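Dear colleague,

Please find below the structure I am handing over to you. My notes on it follow directly after.

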Amino acid sequence: DNSSEFIAKYRDCRRQVRESLGEADHHEGMSSDDELTLTEVTKFQKSKDNVLEESRKVFEDVHADFCDIRKILLKFQEWKDKFPDSYCDAYISFCLPKLLNPLVRVQLISWNPLEQNFTELEEMPWFRAIEEFTDGKNGSE
């Protein structure tokens with residue numbers, strides 16, 4: 001099978017690279033992906049820090065009412081309460097995921113479920129705001 005041949009060649013190539021660099025501390029059968037050099041770790045961390053710093057600037061020129069999920073949902077709730085027919089005719093329940101998507105994505109940039117002390121999605125403020133908006137009952141929202 002071609003994929004097993006490819007994997008075998010790939011492993012041989014990585015082993016040869018490790019041997020040429022004098023990295024003898026690799027144990028066969030263990031992933032060598034975790035064997036990052038200090039330079040690689042530093043470069044990754046710097047890149048990650050830059051992304052996080054840039055993500056903080058995404059909504060800095062946006063009015064506070066339009067970059068906070070809870071405030072946005074409050075405006076939709078007011079519309080829903082005052083003009084239910086118009087709200088329903090506008091198919092808002094279909095629009096909200098697309099509208100909130102960028103806001104949620106920015107908040108998830110630093111989220112890593114593989115870390116020991118990560119926050120569960122259900123505990124995040126944006127998740128709670130959406131859950132409160134939909135009253136946790138109405139699956140169509």
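The accessible surface of the protein amounts to about 11,500 Å², and 55% of it belongs to carbon and sulfur atoms; accessible areas come from the Shrake-Rupley method with a 1.4 Å probe, where for residues only the protein chains shown count as cover. The model is predicted: local features need pLDDT of at least 70, side-chain atom pairs count only at pLDDT 80 or more, and totals for chains, interfaces and linings use all residues. Residues are numbered from 1 along each chain as its sequence is written, and side-chain values use heavy atoms, with hydrogens and water left out.

The protein has 6 helices and 0 strands (DSSP runs, H or I of at least four residues for helices and E of at least two for strands, numbered from the N terminus). Of its 141 residues, 15% are buried (under 20% relative accessible area; exposed is over 50%, partly exposed in between).

Two surface patches were found. Patches consist of residues with over 30% relative accessible area and no salt bridge, like charges being joined within 9 Å and nonpolar side chains (Val, Leu, Ile, Met, Phe, Trp, Tyr) within 5 Å. A salt bridge is a side-chain nitrogen of Lys or Arg within 4 Å of a carboxyl oxygen of Asp or Glu.

The nonpolar patch comprises Phe6, Ile7 and Tyr10, with about 330 Å² of accessible area together. Tyr10 belongs to helix α1 (residues 2–21) and is partly exposed, at 44% relative accessibility.

Glu120, Glu122, Glu123 and Glu131 form a negative patch (Asp and Glu count as negative, Lys and Arg as positive; His and the chain ends are not counted). Each charge is placed at NZ of Lys, CZ of Arg, CG of Asp or CD of Glu. Glu123 sits in the loop between α5 (92–108) and α6 (125–133), partly exposed with a relative accessible area of 45%.

Kind regards

Methods: Buried < 20%, exposed > 50% of the residue type's maximum accessible area, 1.4 Å probe, protein only.
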